[in-house]
Amino acid sequence: MDHDPAPETSTPTYTMGYGPEFRKMLERRNAAVAAAHLLPQLEHGMRLLDLGCGPGTISVGLAEAVTPGELHGIDMEESQIDMAREAARAGGHGNAFFQVGNATDLPFEDASFDVVHCHAVLMHAPGTQAVLAEARRVLKPGGLISARELVGDSSFVEPDHYLGADAGAWATFLKLLAANGGHPQMGKELKRAFADAGFADILATATFETFDSAEDLAFLRGLITGWFFAPETMEAAIKLGLATQDTFDGWRDGLDRWMTEPGAFAAFAWGEAIGRHP
Ligand SMILES: C[S@@+](CC[C@H](N)C(=O)[O-])C[C@H]1O[C@@H](n2cnc3c(N)ncnc32)[C@H](O)[C@@H]1O
């Protein structure tokens, strides 16, 4: 393969980690929702690459959409690849293949995919253009690039005063993401990033993932408690000067009160884009 590895642009500090609480978040995902912008473009027989596939909950739906074409998933973390392989085995997706790999140094030949997709990966990878250059290299001419990424500033928790409003828990999470080399607003920057990488015919859209039912709110509380209030997350934020133990303790109390608030409602905003290899 005629490309230079770029290890300095990989993802040295992945903010979310691989613990059980955040894994539950990924397990809620599926292609029907998380790749709704891409599914109408997929055809049986296509060869599709899912960058940063995580536990494969989206990948298996993509595999279904391109069968008997191949779905390849790569992730830098072996535990995620093990889970993705198990999800494919359990679902009978014999056309889904997973391997450990880095999005900035893909183990694939030039011009070997019809589609390269990623979900919630460019927001974590420091080198956006390094990832997109690799995606472009492995795409066939005319192939599709697709992504769906968080728009941090358009996401909300309502009412927001329980978690510290504008200078509160959500803002601290976004700053932590940025401190780790991530891009908290990537969802609204995708169109520009694809254009800068030389893709054509770019279409950008945006959607909300909402948390409204008692079950959704309980899930969110579990995620915030188990991940954001986990000792390692708090320690990282405190070390960076983004919060103190007292502010975390205040948000923890606020979260309990927010759960009993009749107007409790939250949403993550996502930006999506599709472009074409010229
Ligand atoms: C938030 S998870 C998203 C997983 C999956 N796409 C989903 O949305 O359910 C981000 C994943 O990207 C992977 N990742 C981050 N940077 C990467 C890189 N440079 N190369 C390969 N995988 C990467 C992480 O290991 C993690 O599994």
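## Exercises on a predicted model

Among the 24 residues around the ligand, Thr11, Gly52, Gly54, Met76 and Ala103 come nearest; a residue counts as near if its C-beta atom, placed from the backbone, lies within 6 Å of the molecule. The model is predicted: local features need pLDDT of at least 70, side-chain atom pairs count only at pLDDT 80 or more, and totals for chains, interfaces and linings use all residues. Residues are numbered from 1 along each chain as its sequence is written.

**Exercise 1.** Divide the residues of the shell around the ligand into nonpolar, polar and charged.

*Solution.* Start with the classes: Ala, Val, Leu, Ile, Met, Phe, Trp, Tyr, Cys and Pro are nonpolar, Asp, Glu, Lys and Arg are charged, and the others, Gly among them, are polar. The shell then has 11 nonpolar, 10 polar and 3 charged residues.

**Exercise 2.** Describe how helices α1 and α8 are oriented and which residues meet.

*Solution.* Helices (H or I, at least four residues) and strands (E, at least two) are DSSP runs, numbered from the N terminus. Two packed helices are described by the angle between their axes and the distance between the axes. Axes are lines fitted to C-alpha atoms, for helices over the stretch in contact, and angles run from 0 to 180 degrees between N-to-C directions.

1. The axes of α1 (residues 20-27) and α8 (residues 214-228) come within 8 Å and cross at roughly 140°.
2. The two helices are therefore oblique (under 35 degrees is roughly parallel, over 145 roughly antiparallel, 65 to 115 roughly perpendicular, the rest oblique).
3. Glu21, Phe22, Lys24 and Met25 of α1 meet Gly222, Leu223, Gly226 and Trp227 of α8, contact being C-beta atoms, placed from the backbone, within 7 Å.
4. By class, this contact has 4 nonpolar, 2 polar and 2 charged residues.

**Exercise 3.** Locate Leu177 and list what it touches.

*Solution.* 

1. Leu177 lies in helix α6 (residues 169-179).
2. Leu177 is buried, with 20 other C-beta atoms within 10 Å.
3. Not counting residues up to four places away in sequence, Leu177 touches Thr15, Gly182 and Pro184.
4. Thr15 is 162 residues from Leu177 in sequence, yet 6.0 Å away in space, C-alpha to C-alpha.

Key:
Two residues are in contact if their C-beta atoms, placed from the backbone, lie within 7 Å. A residue is buried if 20 or more other C-beta atoms lie within 10 Å of its own, exposed if 12 or fewer, and partly exposed in between; C-beta atoms are placed from the backbone.
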